[in-house]
Amino acid sequence: MSTYRYETELQEEIEGLLMTIWPSEGRRVYRREVPMGDRVPDFVCISFKNLSGKDVLPKNCTYRHAAVLATLRQRRRTRPAALAKRLYTDVERLQPLLKDLIASGAVVENPTGSLSLSTLWGEMRAEVIAVEAKLTRWRDALIQAMSHKRYADTAVVAMDAATTPRKASSLQAFADQGVGLCAISPDSAEWVVEPERREGRGHEREYLLTSALTSSHTLWSRL
């Protein structure tokens, strides 16, 4: 029988246990119910490392700014025309974004005319964790958690300990997908399957990082 009557109760318990579940160093923030396309993870947690105190992001940082940063993170030095092509736009429309990012210090224009991430933003490291909370239906939770791996470094299913699957075949399903399984009880958390960490990439991940750091966004909470 479930310990928690509603999923919201389980989510509140998880929120109080985030420091236990996720003992990471660096600046840590989290947000509940983050819209990520067709999926809404119950929690997204981010740990920033090598983060300078200097604000190197535009105050009005948008998903389009994040797309530029994500592309430069993957391709290193890139000329504006090639960058525009990668982003399915033209240089003229790209220029306002580049102006914002260069002025803030997130992007630098090299003597050759190519663009690259600044040292401050390029050397920033972060870990993104997506948590799916479920009272029951672990198979549905696993499928949802797998979809979060397109932007998250670590995907976790957190369930009521009383209804967490324990059969070897069930646990193997989590292990095969690299998804962690955490059993939640009042004031405690148990790792039934340890999550596998794989560094994520892409525009969505970069947008999570920029939105968590820019002062115009107030939906993130510090741990």
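## The largest pocket

Helix α2 contributes the most to the lining of the largest pocket, with four residues. The structure is a predicted model, in which local features need pLDDT of at least 70 and side-chain atom pairs count only at pLDDT 80 or more, while totals for chains, interfaces and linings use all residues. Residues are numbered from 1 along each chain as its sequence is written, and side-chain values use heavy atoms, with hydrogens and water left out.

Two or more lining residues come from each of α2, β4, β5 (125-134) and α8 (203-213). By class, the lining has 12 charged, six polar and six nonpolar residues.

## Helix α4

Helix α4 spans residues 91-104, and its 14 residues reach 19 Å from the first C-alpha to the last, close to the 20 Å expected at 1.5 Å a residue. At L97 the helix α4 bends by about 25° (the angle between axes fitted to the seven residues ending there and the seven starting there). Just after α4, G105 takes a positive phi of about 100°.

L94, L97, L98, L101 and S104 are the buried residues of α4 (under 20% relative accessible area, 1.4 Å probe, protein chains only). These buried residues pack against α2 (63-75), α3 (80-86), β3 (107-109) and β4 (115-117), where contact means heavy atoms within 4.5 Å.

Note on methods. The expected span of a helix is 1.5 Å times one less than its number of residues. Buried means under 20% relative accessible area, exposed over 50%, partly exposed in between (1.4 Å probe, protein chains only). Ala, Val, Leu, Ile, Met, Phe, Trp, Tyr, Cys and Pro count as nonpolar, Asp, Glu, Lys and Arg as charged, and the others, Gly among them, as polar.
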